Amino acid sequence: MKAMYYEAFGATPEIRVLPDPAPSRNGVVVKVEATGLCRSDWHGWMGHDPDIRLPHVPGHELAGTVLAAGKGVSRFKPGDRVTVPFVSGCGHCHECRSGNQQVCEAQFQPGFTHWGSFAEYVALDFADQNLVPLPDSVSFATAASLGCRFATSFRAVCDQAKVKGGEWVAVHGCGGVGLSAIMIAAALGARPIAIDISEEKLAFARTMGAVAAVNARAVADVAEAVREISGGGAHASIDALGSQVTAFNSIANLRRRGRHVQVGLMLGAEAAPQIPMAQVIGHELEIYGSHGMQAWRYDAMLAMMAAGTLKPERLIGREISLAEAVPALVSMDQATDLGISVITRF
Ligand SMILES: [Zn+2]
Ligand SMILES: [Zn+2]
């Protein structure tokens with residue numbers, strides 16, 4: 001199979017022909033039809049993710065067709081259209097049995113713990129527990145955009161922040177995660193406030209449902225600007241970027257008893273942010289993490305897509321080839337693209 005491959009962190013990946021994978025007893029091999037490019041792939045390539053062992057094939061947001069299934073797989077067969085959450089559960093640990101596969105103790109993450117989907121084929125373990133059948137109405141490119149950013153945002157907004165209609169929701173960072181969170185919060189009837197340093201991204205965020213926008217470079221104090229817009233602070237706030245500044249602002253801009261959700265990864269130099277803990281205590285703020293989404297929760301998200309209230313395909317910026325993904329990956333930390341890039345040609 002053709003795949004994007006690297007042997008050292010930070011060295012430009014190459015497109016190589018590697019042996020085709022075979023399914024494990026409880027796994028499948030999927031022919032990748034579409035796979036999204038995400039900031040976590042960049043973090044992985046930079047060496048920020050301790051799960052990655054070299055050499056490596058990245059890629060964790062994918063959709064495709066089952067090519068082969070192991071003997072122990074009963075729910076899926078060759079030809080099935082599927083996607084998969086980027087955190088897949090083992091199916092038998094305490095967390096999986098409680099329905100929280102997104103924090104499984106022995107999780108399988110394509111593109112991190114195992115070789116991923118920047119390739120013609122990808123092997124996926126624990127298939128019965130984690131694969132999600134795709135309705136014909138959802139294209140492969142759209143489905144690929146669900147695997148990490150959109151699903152993670154869905155869990156962050158719906159299940160962790162428990163956003164309700166009418167609430168103010170501050171979203172810090174208008175990349176793939178942030179734009180997804182804005183669309184999902186707006187679909188629930190909430191009032192999203194977009195925060196970014198790019199006027200272009202803020203304008204795009206408004207088309208996704210943001211009712212107000214704050215350019216963090218144009219105001220002296222982001223938290224104060226959010227408090228002003230929302231009449232006292234956001235009910236819920238999401239750090240969709242993952243930086244010391246955005247994490248701090250996302251907590252500081254909450255109203256009393258507000259909920260912060262950390263979605264953007266805090267890696268490298270950003271790993272140990274300051275937290276306004278006096279405010280957390282005095283205002284009874286709640287702080288959550290959000291880490292992927294269980295396969296069984298995809299039903300609710302796919303139902304909202306079928307009803308037309310969520311349109312993740314609007315977040316897709318460019319469809320690119322596997323070879324074009326190499327320069328896109330290595331420059332991801334400086335990307336100014338609106339919307340996400342999806343590899344659809346191999
Ligand atoms: Zn598990
Ligand atoms: Zn991702």
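Keep in mind that the model is predicted.

Let's start on the inside. Ala 3 sits in strand 1, which covers residues 2–5. Is Ala 3 buried or exposed? Its relative accessible area is 0%, and anything under 20% counts as buried, so Ala 3 is buried. Who are its neighbours? Leaving aside residues up to four places away in sequence, Ala 3 touches Glu 14, Ile 15, Arg 16, Leu 18, Val 57, Phe 118, Ala 119 and Leu 322. Glu 14 and Arg 16 will come up again below.

Now look at another alanine, Ala 170, which you'll find in strand 8 (residues 168–172). Ala 170 is buried, because its relative accessible area is 0%. With residues up to four places away in sequence again left out, its contacts are Ile 193, Ile 195, Val 226, Ala 234, Ala 236, Ser 237, Ile 238 and Asn 253. Phe 248 is 78 residues away from Ala 170 along the chain, with 13 Å between their C-alpha atoms.

**Two crossing helices**

Next, find helix 5 (residues 146–160) and helix 11 (residues 298–306), whose axes come within 11 Å of each other. How do they sit relative to one another? The axes cross at roughly 95 degrees. Angles of 65 to 115 degrees count as roughly perpendicular, so that is the label for helix 5 and helix 11. Where they meet, helix 5 brings Leu 146, Gly 147, Phe 150, Ala 151 and Phe 154. From helix 11 come Tyr 298, Ala 300, Met 301, Leu 302, Met 304 and Met 305.

**Salt bridges**

How many salt bridges does a search of the whole structure find? The count is 13.

| Pair | N to O distance |
|---|---|
| Arg 16 and Glu 14 | 3.2 Å |
| Arg 257 and Glu 284 | 2.6 Å |
| Glu 324 and Arg 345 | 3.1 Å |

Take Arg 257 and Glu 284 from the table, a pair joined by a salt bridge. This pair links distant parts of the chain, 27 residues apart: Arg 257 is in strand 12 (residues 254–262), while Glu 284 is in the loop between helix 10 and strand 13 (286–289). Arg 257 counts as exposed because its relative accessible area is 51%, and the cut-off for that label is over 50%. Glu 284, at 46%, counts as partly exposed.

Glu 324 and Arg 345 also meet in a salt bridge. They too connect distant parts of the chain, 21 residues apart, with Glu 324 in the loop between strand 14 (316–321) and helix 12 (325–330) and Arg 345 in strand 15 (residues 340–345). Glu 324 is partly exposed, with 39% relative accessibility, and Arg 345 is partly exposed as well, at 41%.

Back to Arg 16 and Glu 14, both on the list of residues that Ala 3 touches. Arg 16 is partly exposed at 29% relative accessibility, and Glu 14 is partly exposed at 39%. Which residues are linked with them in a network of salt bridges? Glu 7 joins Glu 14 and Arg 16 there.

**Backbone details**

Finally, check the backbone in a few loops. Where is there a cis peptide bond? Go from Leu 54 to Pro 55: that bond is cis, with omega near -5 degrees. Pro 55 lies in the loop between helix 1 (39–46) and strand 4 (61–69).

Lys 162 isn't a glycine, but it has a positive phi of about 50 degrees. You'll spot Lys 162 in the loop between helix 5 and strand 8. Glu 284, the salt-bridge partner of Arg 257, has a positive phi too, near 50 degrees, and is likewise a residue other than glycine.

Terms used: Residues are numbered from 1 along each chain as its sequence is written. Chains are lettered from A and ligands numbered from 1 in the order in which they are written. This is a predicted model: local features need pLDDT of at least 70, side-chain atom pairs count only at pLDDT 80 or more; totals for chains, interfaces and linings use all residues. Side-chain values use heavy atoms; hydrogens and water are left out. Axes are lines fitted to C-alpha atoms, for helices over the stretch in contact, and angles run from 0 to 180 degrees between N-to-C directions. Helices (H or I, at least four residues) and strands (E, at least two) are DSSP runs, numbered from the N terminus. Angles under 35 degrees count as roughly parallel, over 145 as roughly antiparallel, 65 to 115 as roughly perpendicular and the rest as oblique. Contact means heavy atoms within 4.5 Å. Buried means under 20% relative accessible area, exposed over 50%, partly exposed in between (1.4 Å probe, protein chains only). A salt bridge is a side-chain nitrogen of Lys or Arg within 4 Å of a carboxyl oxygen of Asp or Glu.
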